[in-house]
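Dear colleague,

Here is the structure I promised to pass on to you. Please have it open while you read the notes below.

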Amino acid sequence: MATEREQFEASITNHAPNFDVALTADQIARLSDYYELLLKWNDRLHLVAPGSPGEFAIRHVLESLLLLRHLPTATTIVDIGSGGGLPIVPCLLVRDDLSATLIESSKRKAVFLREALRSLRQANRSRVIASRFEEIVLPASDFLTCRALDRFTPLLPELIRRTGPNTTFMLFAGAALRQTIKSLMPDNIVELVPHSQNRFLIVARKPGLPV
């Protein structure tokens, strides 16, 4: 019987074309190392909901990699509510030119993130801030990402206000939250997430700034 790692790698390989993602064997190996590390910590920290290796590959990793088509070379990113490292860690593992600041309010999850970035040899291009985003000055960045946006919905106007004028937002949302984002940032591009009927990636800029 295939191991969890082998099942994960098979699912990544089989479904990457559906997400318009091309991965080398080395990149798949890096993503698999991340998957195994997250599994070791998940029982203690509840980083992601339980699921099969194939579900994790599709629902978490490949969905995260949808961001890559929107990220120019040598881009800086701020990731809000990083949790288990999604979506930003898979992007860092696949693109060596990216750099990121991960903001996570849970001190325990921040410990995992630092360990993951160090173990996966991404620490030189990233840092973790263990704080709520509204309690700090957000670092300047080209892009801001957030995958756990549902729990930040009441704070979305504050997040927009605190972000620099040239930052592009890349947010994952369901149908209802999509409408909220569009009302706050009318200049946007909406992409349906593959394997989903009502989950979207929204690329948006502040009012008055074209996408």
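Predicted model: local features only at pLDDT ≥ 70, side-chain atom pairs only at ≥ 80, totals over all residues.

Residues are numbered from 1 along each chain as its sequence is written, and side-chain values use heavy atoms, with hydrogens and water left out.

Helices (H or I, at least four residues) and strands (E, at least two) are DSSP runs, numbered from the N terminus. Two packed helices are described by the angle between their axes and the distance between the axes; here the axes are lines fitted to C-alpha atoms, for helices over the stretch in contact, and the angles run from 0 to 180 degrees between N-to-C directions.

Helix 2 (residues 25–45) packs against helix 3 (residues 53–64) at an angle of about 110°, with the axes 12 Å apart. The two are therefore roughly perpendicular to each other, given that angles under 35 degrees count as roughly parallel, over 145 as roughly antiparallel, 65 to 115 as roughly perpendicular and the rest as oblique. In their contact (heavy atoms within 4.5 Å), L31, Y34, Y35 and L38 of helix 2 meet P53, F56 and V61 of helix 3.

For helix 1 (residues 4–15) and helix 2, the angle is about 135° and the axes lie 10 Å apart, and these helices are therefore oblique to each other. The contact is made by E4, R5, F8, E9, I12 and T13 of helix 1 together with I28, A29, L31, S32, D33, Y35, E36 and L39 of helix 2.

Turning to the strands, six of the six residues of strand 7 (residues 199–204) are buried, that is, under 20% relative accessible area, where exposed is over 50% and partly exposed lies in between (1.4 Å probe, protein chains only). In a regular strand the side chains alternate between the two faces of the sheet. In strand 7 both faces are covered, with R199, L201 and V203 buried on one side and F200, I202 and A204 buried on the other.

Strand 7 pairs (DSSP finds at least two bridges) in the antiparallel sense with strand 5 (residues 168–174) over six bridges, and V203 is the bridge partner of M170. Five bridges also join strand 7 to strand 6 (residues 188–192), again antiparallel, with L201 as the bridge partner of E191.

Best regards
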